[in-house]
Amino acid sequence: MSIIDNTGKTATVPAPRDGDDYNGPLLEVRDLHVEFHTRDGVAKAVNGVNYSVNAGETLAVLGESGSGKSVTAQAIMGILDMPPGKIPQGEIFFRGEDMLKMSYEERRKIRGRKIAMIFQDALSSLNPVLTVGYQLGEMYRVHHGLSKKEAKAKAIELMDKVKIPAAAARVNDYPHQFSGGMRQRIMIAMALALEPDLIIADEPTTALDVTVQAQVMDLLAELQREYNMGLILITHDLGVVADVADKIAVMYAGRIVETAPVHELYKRPAHPYTRGLLDSIPRLDQKGQELYAIKGLPPNLLRVPTGCAFNPRCPKAEDICRTEIPALAPVAEQDGTELPGRGSACHFWKETIHG
Ligand SMILES: Nc1ncnc2c1ncn2[C@@H]1O[C@H](COP(=O)(O)OP(=O)(O)OP(=O)(O)O)[C@@H](O)[C@H]1O
Ligand SMILES: [Mg+2]
């Protein structure tokens with residue numbers, strides 16, 4: 001057996017079934033619903049989420065704690081706790097095939113190999129009693145049948161790739177011997193090992209301090225470009241996504257409330273919630289001013305307000321907002337020209353973007 005090269009193909013490995021003639025979106029989530037059946041009732045954590053990611057594209061998913069970012073990712077990855085979780089409705093297409101209709105075995109082949117995930121907490125994701133080199137090498141031993149020695153060489157290569165200094169000397173170290181930033185690089189290396197088409201990074205830098213955050217984010221963006229992977233970057237921090245994401249989906253109480261190309265979202269938000277998030281970013285040019293914070297808290301999913309879930313916290317809320325759930329509608333210029341890739345689930349998006 002030969003090793004799979006950077007293009008994912010060699011003469012001895014058969015071309016994937018879904019081959020190179022597929023040119024639709026890499027991943028497409030359609031009308032996804034996820035609920036949790038708990039003792040206290042049914043918590044609707046995800047309520048009709050739609051998004052897509054292409055090869056080489058970065059989608060940032062943004063929103064406060066509990067908005068359903070991770071649950072959506074777990075549904076895509078096939079690692080949702082079921083029960084108590086349940087997917088009553090929706091489709092998740094990976095290269096055009098609905099993964100929710102696949103057998104356990106088909107799904108397992110995608111997980112890790114085609115779609116990999118990076119979590120926030122590297123220390124609890126890595127095995128503390130095995131060396132980093134062993135854990136990285138395991139991917140090659142198990143999936144590609146490499147010998148121990150070959151796998152170790154591959155592990156060093158990967159550690160170099162994620163810029164861990166003196167990789168050859170550190171390959172036999174244990175996870176706790178690395179700093180937080182270095183451990184997160186190791187997690188990136190693990191995700192890259194099988195050269196997936198899509199990486200889902202769930203708050204990959206949240207546990208790190210600010211300068212290290214930027215380095216890890218830059219590394220992730222660089223590797224994503226090099227491998228032409230799709231990337232879903234989950235974060236609650238608008239500050240970290242501006243330079244790396246192509247487009248953003250803002251989530252609130254299990255729904256996408258705004259979507260936009262990244263720079264447009266910063267320039268002209270079309271949802272009061274997004275505006276609130278933007279206004280809460282500390283800015284160097286406004287030193288000394290009190291920092292804005294969106295008043296109130298995200299809703300308890302067992303008692304979501306009627307109408308728009310954001311209405312109790314919204315400075316623009318009117319009667320209609322308390323009775324009618326706004327659909328994610330296209331956003332347009334004042335003259336009616338639709339803005340590509342933009343949508344807002346606000347009854348007053350016009351006033352918000354143009355007002
Ligand atoms: N296994 C579970 N059982 C019951 N409820 C769950 C479970 N997992 C998630 N939830 C609920 O689903 C909702 C969405 O959670 P999720 O983890 O997706 O939030 P998030 O947007 O990722 O937030 P954070 O920024 O805190 O990570 C939350 O209210 C959470 O309590
Ligand atoms: Mg989360």
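A salt bridge here is a side-chain nitrogen of Lys or Arg within 4 Å of a carboxyl oxygen of Asp or Glu. By this rule the count comes to 13 salt bridges. This is a predicted model, in which local features need pLDDT of at least 70 and side-chain atom pairs count only at pLDDT 80 or more, while totals for chains, interfaces and linings use all residues. Residues are numbered from 1 along each chain as its sequence is written, chains are lettered from A and ligands numbered from 1 in the order in which they are written, and side-chain values use heavy atoms, with hydrogens and water left out.

**View 1. Who sits around ligand 1.** Let's start with the ligand. The shell around ligand 1 has 14 residues, and Ser65, Gly66, Lys69, Ser70 and Val71 come nearest (a residue is near if one of its heavy atoms lies within 4 Å). Sorted by class, that shell has five nonpolar, five polar and four charged residues. The classes go like this: Ala, Val, Leu, Ile, Met, Phe, Trp, Tyr, Cys and Pro count as nonpolar, Asp, Glu, Lys and Arg as charged, and the others, Gly among them, as polar. Helix H1 (residues 69-77) gives the most to the shell, with three residues. Helices (H or I, at least four residues) and strands (E, at least two) are DSSP runs, numbered from the N terminus.

**View 2. Polar contacts to ligand 1.** Now look for pairs of N or O atoms within 3.5 Å, which is what a polar contact means; within protein, one must be able to donate a hydrogen and the other to accept it, and residues adjacent in sequence count only if both atoms are side-chain atoms. A polar backbone atom of glycine 68 is 3.0 Å from an oxygen atom of ligand 1. For valine 71, a backbone N or O atom lies 2.9 Å from an oxygen atom of the ligand. Aspartate 81 uses a polar side-chain atom, 3.5 Å from a nitrogen atom of ligand 1. The protein covers 67% of the 640 Å² of accessible area that ligand 1 has on its own (Shrake-Rupley method, 1.4 Å probe; for residues, only the protein chains shown count as cover).

**View 3. Threonine 58 in its strand.** Find threonine 58 in strand E3 (residues 58-62). Is threonine 58 buried or exposed? Threonine 58 is buried, because its relative accessible area is 0% (buried means under 20%, exposed over 50%, partly exposed in between, with a 1.4 Å probe and protein chains only). Its side chain and that of glutamine 224 are joined by a polar contact of 3.1 Å. Leaving aside neighbours within four places in sequence, threonine 58 is in contact (heavy atoms within 4.5 Å) with residues including Leu231, Val244 and Lys247.

**View 4. Some salt bridges.** Aspartate 98 and lysine 101 meet at 3.1 Å, N to O. Aspartate 98 is buried, at 10%, whereas lysine 101 is exposed, at 65%. Arginine 170 and aspartate 173 pair up at 2.9 Å, N to O. Glu258, Glu264 and Arg342 are linked in a network.

**View 5. Arginine 107 in helix H2.** Arginine 107 is found in helix H2 (residues 104-110), and is buried at 12% relative accessible area. Leaving aside neighbours within four places in sequence, its contacts include Ala75, Gly78 and Met99. Zoom out to arginine 268, 161 residues apart along the chain: the two C-alpha atoms are separated by 40 Å.
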